[in-house]
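Biologist: I'm new to this one, could you walk me through it? Let's begin with what packs together inside.

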Amino acid sequence: MRPISIWMACACLLGGAVGEAAAQAPSRLMLQQVGTNSAIVKWRGGPDRVCWAKSLAQLGKPNWPKCVAATATAGDHKEGLLTDLAPDHAYYYSLGDPGPGAGNPQQVFRTAPDSNKPPRDGNVHIWMVGDSGTQTERNSAGQFPHAGKAAQVKQGFLGYNDASAGGEPVDLFVLLGDNAYLEGTDAQWQGAFFDVYPEIMNKAAVWPTIGNHEMGGGLFDISSLFGLPPGSIVTFIGGASSSSDPSTYDDGNPATVDDGPPYLEIFSLPAAGEVGGVPSGTEQYYSMNYGNVHLVSLDGQLSNADPGQREAMRQWLIADLSSNDRDWTIVIFHHPPYSKGINHNSDFEQREIDLRVEFTPVFEQYGVDVVYSGHSHSFERSYYLNGHTGPANTFDPDVHAELNADGDPATGTGDEAYSQVSTGSGMDDKVVYTVAGSSGKNDSPFTPACPVDPVTGEEPQFFCRRSDWLQHPAHHLSASVMGSVVVDASATSLRSRFVDVNGIVLDEFTIQR
Amino acid sequence: MARVTSIVALLLLSALSPFAVRAHPSDAEQIAILTQRIETDPDDAQLYVARGAAYSHARLYEPALADFRKAERLGDPVLVAYELAAYHERRGEVAEAKIHVARFLARFGGHPAALELQARVLTALGERQAAVASLEKLIAVQGRPNPGSYVSLAKLLASPGGAGIPKALAALDAGMARLGVIPQLQRVAIDLELERGNAAGALARLESLGPALGEGPEWKVEKCELLIRMNRPDEARELLGLASSQLAGLRATPARLVLAERIKRVEAQLAAAPEG
């Protein structure tokens with residue numbers, strides 16, 4: 001029983017604290033590492049503590065919720081580690097002190113189920129966006145030609161989710177790289193990510209992977225080209241570093257001191273197996289478990305650029321997949337092993353080649369079910385593949401794809417749904433590869449066609465639309481259309497859908513177990 | 001007026017290159033824009049360095065080298081040296097790469113990308129001690145060292161002519177002290193322990209990985225193999241039984257099929273081993 005005098009004092013304090021919380025709203029707020037028994041709330045600005053409870057009502061009681069003081073982390077962020085959580089349970093949280101008015105019904109998440117089973121609602125519901133960071137992408141004239149497009153893709157997903165998925169909450173919010181154009185600066189992350197998806201990331205943990213734009217680039221003053229004073233026209237040149245070292249990050253602004261990519265400061269990723277998976281020792285690649293799903297994020301940009309680091313990542317992946325016993329295994333990385341996107345032909349781009357040659361065999365040997373990438377600004381979805389490590393012209397469907405009764409590559413839809421344990425081999429040895437890099441823009445079909453050398457018949461790799469654009473023979477479907485991916489993993493099936501800006505499902509496939 | 005000229009410039013840029021306003025530049029886009037810039041500013045050495053790097057990255061080696069040579073004539077040759085080293089490395093010309101990266105590092109000693117390039121070319125040239133020094137310096141300057149750097153360092157130290165296995169193990173242990181006990185490093189350490197005949201050390205290291213690997217069937221089988229080496233067959237038999245049971249409960253993958261065959265081989269070894 002609490003003395004009245006203390007209660008009144010608390011009420012005064014809490015009234016002030018709530019007022020303080022309202023006045024100091026954070027500029028960004030997201031969930032990280034939501035596991036079975038713990039979660040991280042990460043934010044910038046606002047109060048210095050986070051409280052949580054199993055219900056909104058409990059959150060509103062002054063001394064009921066658990067609270068923890070924030071830890072300051074890199075990039076002027078704050079983190080609160082919520083512990084002693086029950087598995088597969090909803091938790092409401094608020095920044096600042098608890099008490100009347102402290103709760104926000106939008107700030108709620110669900111912990112992962114205990115061990116290898118789907119959540120109580122029967123389904124791990126995953127939303128993925130690739131190359132979505134176009135809200136802050138400016139052109140040489142300083143304009144933002146893709147403003148609003150990522151939001152359109154989001155609305156398409158939300159419309160689909162309401163109409164076709166019963167408004168099911170997202171369990172995992174997965175990013176496929178290039179989520180903040182052009183240079184992956186902190187300000188671009190704010191504008192292209194935190195300001196676009198606040199209502200997603202305050203309910204579901206964010207699981208990213210490193211894209212090339214996460215590694216910055218450089219501004220180049222081309223004013224003199226037009227006889228203009230310096231600074232009149234500044235355009236982006238440089239792309240990502242070819243180094244494997246994150247400290248080579250360059251935001252292109254000589255006035256700033258670059259100390260690594262903001263990506264590594266913004267996200268708190270599990271390097272020590274904090275959410276399941278095998279410890280990697282680095283946030284550049286990691287894995288996690290959520291119910292019956294094992295998610296692996298590989299580093300196609302940095303570790304992939306150095307042979308030694310790439311091999312170390314590969315050895316970690318083997319150890320991780322060897323130890324994995326979840327129903328479904330999903331791998332994400334930015335650079336697609338199979339793509340005929342503009343400027344990102346997987347027959348030509350070294351990072352894509354290395355991932356295809358050195359990692360796809362590991363996926364197939366160790367039971368990976370699906371792989372998602374971005375980079376190419378289009379949608380491309382493969383057949384159920386095994387053993388195709390060469391260039392596109394070496395693809396043989398009879399050898400490299402699961403076939404249907406007619407001897408054609410099975411589509412994964414309807415009565416051609418894939419079986420996790422392949423009927424042909426009797427093993428879980430095939431993977432569907434998806435490129436979903438059109439969540440913020442898509443390559444234009446009006447891009448001028450590449451000239452064909454009259455002697456060699458060859459076409460340039462860049463700067464034009466090749467005749468084999470979006471025609472990789474390993475793909476079932478390819479389209480240059482904006483959208484995002486929704487994955488639903490239940491105890492018996494994994495269903496992957498590509499949803500456009502109108503909420504229409506343009507492609508889907510199912511793997512059954 | 002400024003706005004009009006900007007619009008005109010934008011139109012000109014668009015006319016010159018349909019992709020000029022694209023914000024996902026490729027090597028070709030860089031080359032195109034830099035070429036236009038060089039036409040108006042032909043004495044800017046850094047333009048040639050940048051274009052040469054783009055040519056080099058796109059494996060267009062002749063124009064790359066021409067640009068680097070031009071840049072050297074126009075400006076400070078040291079500023080060209082890193083990209084020139086990278087150019088030679090891409091072409092497999094490691095001796096030349098070594099010369100150029102050394103020149104660059106003589107001025108910019110803590111440049112991580114140059115240090116990692118130097119380590120690679122020195123390794124390729126068989127200059128292990130020097131490569132070790134580069135990697136050690138790279139690790140020291142990295143705020144977030146990559147596990148692969150420690151693996152590369154350990155392999156160099158342990159290679160013939162290197163400082164030896166104890167030094168290699170020390171490097172790996174230093175890496176794990178910083179990054180945690182992770183399989184990328186500990187597995188290399190296990191192999192090194194076995195190479196020097198220290199099965200007990202290998203077993204201890206494998207056991208340290210148990211929690212991280214969930215003590216899965218593959219881990220168990222590997223432990224069985226070590227126990228057999230250490231003449232502890234009874235423990236191995238018990239563990240192998242557990243591994244088999246565990247494996248039987250998992251769906252078949254090619255890797256698990258290989259593991260099943262490995263279990264059979266271990267069973268055969270144990271069958272030949274005396275009881276007790």
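Biologist: Which residues does F193(A) touch, leaving aside residues up to four places away in sequence?

Modeller: In this predicted model, F193(A) touches M30(A), F173(A), L175(A), N179(A), Q188(A), M201(A), V206(A) and F267(A), with residues up to four places away in sequence left out of that list.

Biologist: And where does F193(A) stand in the largest nonpolar core?

Modeller: That core has 166 residues, and F193(A) is one of those that touch the most other members, along with F173(A), I330(A) and F363(A). There is also a second, separate core of 16 residues, which includes I38(B), Y48(B), V49(B) and Y61(B).

Biologist: What lines the largest cavity?

Modeller: From chain A the lining takes L321(A), S322(A) and Y366(A), while from chain B it takes P217(B), E218(B), T253(B), A255(B), R256(B) and L259(B). By type, 5 of these lining residues are nonpolar, 2 are polar and 2 are charged.

Biologist: Which helix gives the most to that lining?

Modeller: α15(B) does, with 3 residues, although α7 of chain A and α13 of chain B also supply at least two residues each.

Biologist: What does α13(B) pack against?

Modeller: Its buried residues, among them W219(B), V221(B), C224(B) and L226(B), pack against α11, α12, α14 and α15 of chain B. α13(B) has 13 residues and reaches 19 Å from its first C-alpha to its last, close to the 18 Å expected, and just after α13(B), N231(B) takes a positive phi of about 60°.

Conventions:
Residues numbered from 1 in each chain as written. Chains lettered and ligands numbered in written order. Predicted model: local features only at pLDDT ≥ 70, side-chain atom pairs only at ≥ 80, totals over all residues. Heavy atoms only, no water. Core = buried A, V, L, I, M, F, W, Y, C linked by side-chain atoms within 4.5 Å. Buried < 20%, exposed > 50% of the residue type's maximum accessible area, 1.4 Å probe, protein only. Contact = heavy atoms within 4.5 Å. 1 Å grid on protein atoms, 1.4 Å probe; cavity = no way out; pocket = protein on both sides within 12 Å on 5 of 7 lines; lining within 4 Å. Helix = DSSP H or I, 4+ residues; strand = E, 2+ residues; numbered from the N terminus. Nonpolar A, V, L, I, M, F, W, Y, C, P; charged D, E, K, R; others polar. Expected span 1.5 Å × (residues − 1).
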